[in-house]
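Subject: Structure for you to look at

Hello,

Here is the structure I said I would pass on. My notes on what turned up in it follow below.

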Amino acid sequence: KSEGTMILSSLFSSPIQNIRIGTFSKAKFIDRRKNLNRKSFSTKENELTKPFNILFFGTDGISLKTLKILRKNQTSPEETPTPKVVNHLEVVCMKELLPSLICPVKKFSIESGIRVHHPSSSLKEWSLPSPEFDIEQSNPSRKFDLAVVVSFGHLIPSKIIDSFPLGGINMHPSLLPRFRGAAPIIHTVLNGDKRCGYSIIELSRNRFDVGKVLLQKEVEMGDKMERITSEELAEELGREGSEGILQTLNEFMIRKKSAVDQDSFGIKATSAPKPKRKDGYVKWAEQTNEEIYRMWRAYNGNIGIHTKFNLNGEEIKLAEMLHPSQRISYKNQEKWEGKYQPGMLKYDTVQKAIYVKCKEGWIGITHLYAANHKARDAEKFAIGYRFVGEKEPSSTFCFGNLEES
């Protein structure tokens, strides 16, 4: 496959958006560095240490995408977007609490014959290992050149960062400094952002996600941002970000010299903390249907969103929802208009969905979990609790707020 090409411009005081054109990515990127031109990428300085000996830190599905493309570049570089940049690759995963809780990165590493290191409970007492080279690999006397970190979830101590001659880089799935923290994708969806992307940054000492930016790209999603879930967005950004890691490694010395502070972007830094279970409790009288739908898209597959069924006090998990544009349709709508209060239920026989009155509008639920039960579709739930048909609005057939503890 041919290598993707770039259109590069000299950058001045304001950011310039350029389009990367190639086989491997259609992402728009925003490169805020100055005085960068095409000639820069052919300098001998950029080639001094390639290919690199890399120690990869990761855990989940997002980081797995980067690990896979690094492994592919190591073994079959012609099948990746860049020339060979990975000479040797090993992995760091924190030791799991139970053997059955093996993370995706470790599982792939074992299956692929990649050496895995297991710091016990803390990185503070851990020392950087020496690479274990295969006989056929070049430069066997070299140590690890740099760390590549993606969705690792643990702060890398300064002494470990300083052990790498070239330091370390991190792929963060947001347009930093927006959404620093453990859950940037969830907060991108939850806040209804129209823009998304990723940042490749230098590993920072003592704080998460504040390092200088080496590369930042906005990933064009268009109208998909109105319906996409955090799991789906993680797939997109994980794939795009993995290619960004390769691009950064291929242009490493140039990008390191021209890295910029996040403060220079003129954007207010925001945080993206890991959500707590109570964050998924719906408040029908306080939230609009649009807000509840975003909440479902953000938390589904993570903490989920939950409510209480007033009829029996049972906790209900809302498993699948309709877009707010799919409006409720029922007979004699004028008769009941204004009588439904937030949280009250109405079964829609046309769309086979339980509609819930919100602060503004209605939201349709198609699948839900009751406590100690498997997922049930809305029709079975409505028939089981006998609120199908033309019923008076009732505070009994109603969802209420769960108590926060």
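This is a predicted model: local features need pLDDT of at least 70, side-chain atom pairs count only at pLDDT 80 or more; totals for chains, interfaces and linings use all residues.

The sulfur of Cys93 has its closest cysteine sulfur in Cys103, 3.8 Å away, which is too far for a bond. The cut-off for a disulfide is 2.5 Å between the sulfur atoms. A search of the whole structure gives 0 disulfides. Cys93 counts as buried because its relative accessibility is 1%, and Cys103, at 16%, also counts as buried.

Next, a surface feature. Leu97, Leu98 and Leu101 make a nonpolar surface patch of about 360 Å². Leu97 sits in the loop between β5 (86-92) and α2 (104-112). With 80% relative accessibility, Leu97 counts as exposed.

Strand β15

Of its 9 residues, 7 are buried, so the strand is mostly covered; buried here means under 20% relative accessible area. The pairings of β15 are as follows:

- Strand β12 (residues 314-321) pairs with β15 in the antiparallel sense over 5 bridges. Lys317 has Tyr369 in β15 as its bridge partner.
- Strand β14 (residues 353-357) runs antiparallel to β15 and is joined to it by 4 bridges. Here Ile354 has Ile365 in β15 as its bridge partner.
- Strand β16 (residues 375-377) pairs with β15 over 3 bridges, again in the antiparallel sense. Asp377 in β16 stands opposite His367.

The hairpin of β14 and β15 has 4 residues between the strands, and in this hairpin Gly361 takes a positive phi near 80°.

Aromatic pairs

How many aromatic pairs does the structure hold? There are 10 aromatic pairs. One of them joins Phe52 and Phe252, with ring centres 5.7 Å apart and planes at 70°, so this pair is edge-to-face. Phe52 belongs to strand β4 (residues 52-58) and Phe252 to helix α6 (residues 252-257); the pair links distant parts of the chain, 200 residues apart. Phe52 and Phe252 are both buried.

Tyr340 and Trp362 form another edge-to-face pair, at 5.1 Å centre to centre and with 65° between the planes. Trp362 lies in strand β15 and Tyr340 in the loop between α8 (333-336) and β13 (345-348), so the pair ties together parts that are 22 residues apart in sequence. Are these two residues buried or exposed? Tyr340 is buried, with a relative accessible area of 7%. Trp362 also counts as buried, at 15% relative accessibility.

There is also a cluster, in which ring pairs link Trp284, Phe309, Phe381, Tyr385 and Phe399.

Regards

Technical notes. Residues are numbered from 1 along each chain as its sequence is written. Side-chain values use heavy atoms; hydrogens and water are left out. Patches are made of residues with over 30% relative accessible area and no salt bridge: like charges are joined within 9 Å, nonpolar side chains (Val, Leu, Ile, Met, Phe, Trp, Tyr) within 5 Å. Accessible areas come from the Shrake-Rupley method with a 1.4 Å probe; for residues, only the protein chains shown count as cover. A salt bridge is a side-chain nitrogen of Lys or Arg within 4 Å of a carboxyl oxygen of Asp or Glu. Helices (H or I, at least four residues) and strands (E, at least two) are DSSP runs, numbered from the N terminus. Buried means under 20% relative accessible area, exposed over 50%, partly exposed in between (1.4 Å probe, protein chains only). Two strands pair if DSSP finds at least two bridges between them. Rings of Phe, Tyr and Trp (its six-membered ring) pair if their centres lie within 6.5 Å; planes under 30 degrees apart count as stacked, over 60 as edge-to-face and the rest as tilted.
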